[in-house]
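Please look over the sequence and the model shown here before reading on. The report that comes after them is meant to be read with both in view.

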Amino acid sequence: MQLFLPILLATSEHWYCVVINLVEKRIDVLDSMKLKSDEKTSATADVVSALFTILKRTRPIDYQQNNWIIHHPSVPQQINM
């Protein structure tokens, strides 16, 4: 089971997607611009933390974030930065 969470970075007006893979305990960050910013790091952490808080209440799975792998797979990149 996977949960897809679109995230908008307001300052750069850029969308990216975080995929929570509940089976493999992996968080995939899919970003067509490979932005590395404090805003992106913070937004990702906030969304994942909020989701895990909700899931802890409804699912009998270990949702300790430090037990999960964060992966940045290669995806096609935009050329219009």
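Predicted model: local features only at pLDDT ≥ 70, side-chain atom pairs only at ≥ 80, totals over all residues.

Residues are numbered from 1 along each chain as its sequence is written, and side-chain values use heavy atoms, with hydrogens and water left out.

**Overall fold**

The protein has 1 helix and 4 strands, and from the N terminus on these elements run β-β-β-α-β. Helices (H or I, at least four residues) and strands (E, at least two) are DSSP runs, numbered from the N terminus. The C-alpha trace spans about 45 × 25 × 20 Å along its principal axes. Of the 81 residues, 32% count as buried, where buried means under 20% relative accessible area, exposed over 50% and partly exposed in between (1.4 Å probe, protein chains only). Among contacts (heavy atoms within 4.5 Å) between residues at least 6 apart in sequence, 50% join residues at least 24 apart.

**Nonpolar core**

A nonpolar core is a set of buried Ala, Val, Leu, Ile, Met, Phe, Trp, Tyr and Cys residues joined through side-chain atoms within 4.5 Å. The largest one has 15 residues, and those with the most contacts inside it are Y16, V18, I20, I27, V48, F52 and W68. The elements that give two or more residues to this core are β1 (2–9), β2 (14–21), β3 (26–30) and α1 (38–58), and α1 gives the most, with 5 residues. Leaving aside residues up to four places away in sequence, V18 touches L3, F4, L5, I7, I27, D28, T44 and V48.

**Salt bridges**

A salt bridge is taken as a side-chain nitrogen of Lys or Arg within 4 Å of a carboxyl oxygen of Asp or Glu, and by this rule the count comes to 3.

| Side chains | N to O distance |
|---|---|
| R26 and E24 | 2.4 Å |
| R26 and D28 | 2.8 Å |
| D31 and K40 | 2.7 Å |

E24, R26 and D28 are linked in a network of salt bridges. In the pair formed by D31 and K40, D31 counts as buried at 2% relative accessibility, and K40 is buried with a relative accessible area of 6%.

**Histidine 14**

H14 is found in strand β2 and is buried, with a relative accessible area of 5%. Not counting residues up to four places away in sequence, H14 touches I7, L8, L9, D31, S32, M33, L35 and Q78; D31 is also the salt-bridge partner of K40.

**Largest pocket**

Rolling a probe the size of a water molecule over the atoms shows where empty space is left. On a 1 Å grid over the protein atoms alone, a pocket is an open set of points where a 1.4 Å probe fits, with protein on both sides within 12 Å along at least five of seven lines, and lining residues have an atom within 4 Å of a point. The largest pocket is lined by 16 residues, of which V29, T41, T44, I70 and H72 lie nearest its centre. The elements that give two or more residues to this lining are β3 and α1, and the largest share, 5 residues, comes from α1.
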